[in-house]
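Subject: Handover of a structure, with findings

Dear colleague,

Please find below the structure that I am handing over to you.

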Amino acid sequence: MLVLNATYEPINVCTVRRAVVLLLKCKAEVIEAGDRVLHSESSTMTRPAVIRLTHYVRVPRDTHRRKITRRAVFARDGWECQYCGSRSNLTVDHVIPRSKGGSSDWTNIVASCAPCNRRKSDHLPAQANMHPRRVPREPSPHVFIHVASPRIPASWRPWLPDVAGYADAA
């Protein structure tokens with residue numbers, strides 16, 4: 001389930017169970033209903049697809065300090081190689097190799113397919129004549145929603161920015 005803040009800003013993904021608890025405690029409301037129905041002993045409710053919190057929750061914007069994971073790099077780069085555009089056999093590459101003084105931060109790591117990564121090897125971009133299509137940067141907070149759920153349901157699309165690059169990619 002996609003969780004929206006009180007301002008309709010996407011902030012998280014949660015389980016159906018967690019979403020139902022938030023709804024029953026009146027801490028959230030259903031924005032988009034799913035196509036299934038949930039049953040309990042004494043009640044029935046439509047399964048939520050998107051919920052909105054009733055009170056604003058402050059969300060820290062410290063993406064530069066978030067742990068860099070392969071899935072987060074892939075999501076930030078649209079699940080495609082930044083050198084050739086391939087969507088298969090992805091790995092990560094340091095644009096400036098660590099052996100040449102490159103850092104392991106968001107601004108130096110990109111998604112790369114294995115053949116491009118082997119071809120670039122331990123060379124600088126100019127030496128290998130391989131430059132990333134987009135300059136690597138810190139991801140927006142929305143990228144972490146795509147990390148939590150790489151397959152984006154249609155009901156979430158109106159609420160998420162830049163869905164085209166991430167939709168239905170794995």
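The notes below describe what was found, topic by topic.

The model is predicted, so please bear in mind that local features need pLDDT of at least 70 and side-chain atom pairs count only at pLDDT 80 or more, while totals for chains, interfaces and linings use all residues. Residues are numbered from 1 along each chain as its sequence is written, and side-chain values use heavy atoms, with hydrogens and water left out.

The sheet

Helices (H or I, at least four residues) and strands (E, at least two) are DSSP runs, numbered from the N terminus. Four strands form an open sheet, in the order E2-E1-E4-E3, with mixed pairing; two strands pair if DSSP finds at least two bridges between them. At the edges are E2 and strand E3 (28-39), each of which pairs on one side only. On average, neighbouring strands of this sheet are turned by 35° against each other, direction ignored.

E3 and strand E4 (residues 44-53) run antiparallel and are joined by eight bridges. As an example, Glu32 has Val50 in E4 as its bridge partner. Helix H1 (residues 16-24) packs on the sheet, where it touches E3 and E4, and its direction makes about 85° with that of E4. Contact here means heavy atoms within 4.5 Å. Axes are lines fitted to C-alpha atoms, for helices over the stretch in contact, and angles run from 0 to 180 degrees between N-to-C directions.

The loop between E1 and E2

Two residues of this loop deserve attention. Glu9 is placed in the loop between strand E1 (2-4) and strand E2 (10-13). Its relative accessible area is 23%, so Glu9 is partly exposed; buried means under 20% relative accessible area, exposed over 50%, and partly exposed in between (1.4 Å probe, protein chains only). Leaving aside residues up to four places away in sequence, Glu9 touches Val3, Leu4, Arg61 and His142. The C-alpha atoms of Glu9 and Pro161 are separated by 10.0 Å, and these residues are 152 residues apart along the chain.

Tyr8 is found in the loop between E1 and E2 as well. Although Tyr8 is not a glycine, it has a positive phi of about 70°. Tyr8 is partly exposed, because its relative accessible area is 38%.

Aromatic pairs

How many aromatic pairs does the structure hold? There are two. Rings of Phe, Tyr and Trp (its six-membered ring) pair if their centres lie within 6.5 Å; planes under 30 degrees apart count as stacked, over 60 as edge-to-face and the rest as tilted. Tyr8 and Trp159 form a stacked pair, with 5.8 Å from centre to centre and 20° between the planes. Tyr8 lies in the loop between E1 and E2 and Trp159 in the segment after helix H5 (143-148), so this pair ties together parts that are 151 residues apart in sequence. Trp159 is partly exposed, with a relative accessible area of 22%.

The rings of Phe74 and Trp79 have centres 6.0 Å apart and planes at 55°, and therefore this pair is tilted. Both Phe74 and Trp79 are buried.

Two asparagines

Asn108 lies in the loop between E5 and strand E6 (109-113). With a relative accessible area of 5%, Asn108 is buried. A polar atom of its side chain lies 2.9 Å from the backbone nitrogen of Ile96. Not counting residues up to four places away in sequence, Asn108 touches several residues, including Asp93, His94, Gly102 and Pro136.

Asn89 lies in the loop between helix H2 (70-76) and strand E5 (90-94). Asn89 is exposed, with a relative accessible area of 53%, and has a positive phi of about 60° although it is not a glycine.

Cysteines

A disulfide is a covalent bond between the sulfur atoms of two cysteines. For this search, a disulfide is a pair of cysteine sulfur atoms within 2.5 Å, and zero were found in the whole structure. Cys14 counts as buried, at 15% relative accessibility.

Cys84 is in no disulfide either, and the nearest cysteine sulfur, that of Cys113, is 3.7 Å away. At 37% relative accessibility, Cys84 counts as partly exposed.

Yours sincerely

Key
Polar contact = N/O pair within 3.5 Å; in protein donor to acceptor, adjacent residues only side chain to side chain.
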